[in-house]
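Reader: I would like each label in this description set against its cut-off. Please take me through the structure that way.

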Amino acid sequence: MLRAYAAMASLICFFTASLALADQPRPWQMDLQAPASPIMHQIRWFEHYTLWFIVPVTLLVLVLLIMVAVKFRASRNPVASRTSHNTVIEIVWTVAPVLILFFLAIPSFNLLNAQLEIPDADMTVKATATQWQWNYEYEGSGETPVAFDSYMLKDPDRAAAGKTDIDRYPRLLAVDNEMIIPVGKTVRMLVTAAPSDVIHAFAMPAFGVKIDAVPGRLNETWFKADREGMYYGQCSELCGKDHAYMPIAIHVVSEEKYNTWLAQAASDLPGAYKALVADAGTAKPADGLAVAAK
């Protein structure tokens, strides 16, 4: 019996740990990514809420089309009706859409207000897009500001970076330098594009963030990650031939780890990242399996 419980615990650890490795697109995924911020929780709820209106309306229209095709086909009605007005039908098809839009508008405006009303931020990060990479700059990060470029991680560079785990660092989404933020902190994002560049877009599905990066314009948004992990997004504005190779990676860590990384990154950015990668490598799912199986 003890071995059975150990085996069950091992399976639970395996599946939950593998899902917690990174939030990214999944094969055959039909729903939105798992929410990792208050805004994304609201977006996911609103998406499911609208289905209660979309599905019945779609089925009703389908039934009406079938009824029209069967009941009013030419073979059954050789003499077409000349009816041009029906008061009941006109009242129904006017009132029903108004009521549906009313019930959709209220939560929609609430969500829009929550997205656009930026709360007091704990930190500010500026993201600048160029063809085809991102630059991050941490505001108020000390005498030596922490700023760095973030490029897509190439396969030959994985071993040197210590990022050989494809589940955690997926192809075409992993980067050399992730944006590091502490969990539970409100992050104000300033998003722009380099002068004389093109329009890009900063998008992070798990956080419910998507905003254009426009040359000469400074847009702002916010998010608050409620769980640690690695999160992936991409530039979501067609920006040229390498548009598909401009990923966004955000690593959410504890406040203690963030402070340690920030202090080291000011003078030794590669070393700060290597320390984070090494720390993440000590908590792989295999370690949890080994402990549970004992």
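Reader: What makes the contact of Glu178 with Lys163 a salt bridge?

Author: In this predicted model, the closest N and O atoms of Glu178 and Lys163 are 2.7 Å apart. The cut-off is 4 Å between a side-chain nitrogen of Lys or Arg and a carboxyl oxygen of Asp or Glu, so the pair qualifies.

Reader: How do you know whether Glu178 is buried or exposed?

Author: Glu178 has a relative accessibility of 2%. Buried means under 20%, so Glu178 counts as buried. Lys163 also has a relative accessible area of 2% and is therefore buried.

Reader: Which cavity do Lys163 and Glu178 line?

Author: They line the largest cavity, together with Tyr169, Met230, His251, Tyr273, Leu276 and Val277. Helix 6 (residues 269-281) gives the most to this lining, with 3 residues. By class, the lining has 5 nonpolar, 1 polar and 2 charged residues.

Reader: Why is that space called a cavity and not a pocket?

Author: The term cavity applies because a 1.4 Å probe fits at its points but cannot get out, whereas a pocket is an open set. About 30 Å³ of space lies in the largest cavity. A search of the whole structure finds 1 cavity of 30 Å³ or more.

Reader: What is the volume of the largest pocket, and what lines it?

Author: The volume is about 790 Å³. The lining has 23 residues, and Leu64, Val68, Ile89, Val92 and Trp93 lie nearest the centre of the pocket. Helix 2 (38-71) and helix 3 (87-116) each supply at least two residues of this lining. By class, the lining has 15 nonpolar, 6 polar and 2 charged residues.

Reader: What makes Arg188 and Glu220 a salt bridge?

Author: Their closest N and O atoms are 2.9 Å apart, and the limit is 4 Å, so the pair meets the criterion. The pair links distant parts of the chain, with Arg188 in strand 6 (residues 186-193) and Glu220 in strand 9 (residues 219-224), 32 residues apart.

Reader: How do Arg158 and Asp155 meet, and is each of them buried or partly exposed?

Author: Their side chains meet in a salt bridge, at 3.2 Å from N to O. Arg158 has a relative accessible area of 5%, so it is buried. Asp155 is at 42%, so it counts as partly exposed. Asp155 and Arg158 are linked with Arg171 in a network of salt bridges. A search of the whole structure finds 8 salt bridges.

Definitions and conventions
Residues numbered from 1 in each chain as written. Predicted model: local features only at pLDDT ≥ 70, side-chain atom pairs only at ≥ 80, totals over all residues. Heavy atoms only, no water. 1 Å grid on protein atoms, 1.4 Å probe; cavity = no way out; pocket = protein on both sides within 12 Å on 5 of 7 lines; lining within 4 Å. Points joined across faces, edges and corners; volume = space filled by probe spheres on them. Helix = DSSP H or I, 4+ residues; strand = E, 2+ residues; numbered from the N terminus. Nonpolar A, V, L, I, M, F, W, Y, C, P; charged D, E, K, R; others polar. Buried < 20%, exposed > 50% of the residue type's maximum accessible area, 1.4 Å probe, protein only.
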